[in-house]
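Subject: Structure handover

Hello,

The notes follow the display.

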Amino acid sequence: MLIVVWKETWKDIFPFSVLCLQYCLPFVAFQYWGGSSLPAKVMIISLLTISMTYSVLVIGHILVHKAWFKSNTLSRITFWMCSVTTLQSMTEYRLSHVKNHHRYNNDRSIDGAEPKDMSTTFLGTTNKHQSLLDYAVKSACSSLGSWLVAMLSVHKGWAVFNKGTKELLGKEGKTASKNKRYMQIERAIVFVHIILLVSLAPSTALVYVTVSFFLTLCLVNIQNFYEHFGALPENKYADSVSCYNKLYNFLTFNDGYHQEHHYKASTHWTKAPLIRRELDSKNQQRIVSPLPALLGMFDHERKRLEIKYPANTTTKNYK
């Protein structure tokens, strides 16, 4: 039965189980909110924020790269569930992450051209990293604003797309129309989910949708910043930063193998350690951090390959 259900391996039952728990968590947490003390409410919001951040960075990230189920229907349902746990369209996330971020790998300016990665950590044509505060907080504010516009476009069937999303959708056609429809459905599901939460506990839902979601956006940006800070965008062996802490990778389904993931993004999460061996055999300079990306600001010994090798450095000089 397991072989029939799972597309790659039965081990995907683990991230799927986490997704199911995350789906139920807000409803359970809201039941305890009303009579809770202020410290307890802070703990509840912290737990919800951690859960949502984990859902974006780990569960959603796995899901947009590899479907868990052979059934297209089950795969679509997991996208809907993850849209609820992250409060955002997973189809939109897949487009921005797979079609843009993995294509341009946190690129920097070459010959005066603007970077093409919409989430790049580099600032315009300066080839310098943005400040962490600007990247994490200002970008989160912008994302929250775009999200609010999309969520409130009920009268347009949630068919409001910003410039970046329109570019990712590409020219009108069957694929673009399908992705638009999926995004509208997922936004509608998130909207209904929020309305349901508001009906259960209005003040709690307001804090959850504003505070937890905003903090999640900030934390996701911090993660992406330090997954690429100091790395070399032009070198496919060194365009990201990995962390091989065993406990972290056990808890996050090998999320720390980020260089391996960028090198072969289609590889299943269970096989990331095998890609590490392949990269080690290349004998290329690359960055390995002792800390997970969310704690990257404490990695004071990190190498800065992007300073050592300017954007116009030829590949042969990377060794």
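By class, the residues lining the second largest pocket are six nonpolar, four polar and six charged. Please keep in mind that this is a predicted model.

That second largest pocket holds about 370 Å³ of space. Its lining is made of 16 residues, and those nearest the centre are Ala 67, Asn 72, Ser 75, Arg 76 and Phe 79. Helix 3, helix 4 (72-86) and helix 8 (174-200) each give two or more residues to this lining. Helix 4 gives the most, with four residues.

The largest pocket comes next. About 1300 Å³ of space lies in it, and 43 residues line it. Nearest its centre are Gln 88, Ser 96, Ser 119, Ser 143 and Asn 221. The lining of the largest pocket has 17 nonpolar, 22 polar and four charged residues. Helix 6 (132-151) is among the helices that supply at least two residues each, along with helix 3 (38-65), helix 5 (90-104), helix 7 (163-169) and helix 9. Of these, helix 6 gives the most to the lining, with 11 residues.

The residue I looked at is Phe 229. Phe 229 sits in the loop that runs between helix 9 (202-226) and strand 1 (241-243). With a relative accessible area of 17%, Phe 229 falls under the 20% cut-off and is therefore buried. Leaving aside residues up to four places away in sequence, Phe 229 touches His 129, Val 241, Ile 287, Arg 302 and Arg 304. Asn 106 is 123 residues from Phe 229 in sequence, and their C-alpha atoms are 9.4 Å apart in space.

Regards

Technical notes: Residues are numbered from 1 along each chain as its sequence is written. This is a predicted model: local features need pLDDT of at least 70, side-chain atom pairs count only at pLDDT 80 or more; totals for chains, interfaces and linings use all residues. Side-chain values use heavy atoms; hydrogens and water are left out. Buried means under 20% relative accessible area, exposed over 50%, partly exposed in between (1.4 Å probe, protein chains only). Contact means heavy atoms within 4.5 Å. On a 1 Å grid over the protein atoms alone, a cavity is a set of points where a 1.4 Å probe fits but cannot get out, and a pocket is an open set with protein on both sides within 12 Å along at least five of seven lines; lining residues have an atom within 4 Å of a point. Grid points are joined across faces, edges and corners, and a volume is the space filled by probe spheres set on the points. Ala, Val, Leu, Ile, Met, Phe, Trp, Tyr, Cys and Pro count as nonpolar, Asp, Glu, Lys and Arg as charged, and the others, Gly among them, as polar.
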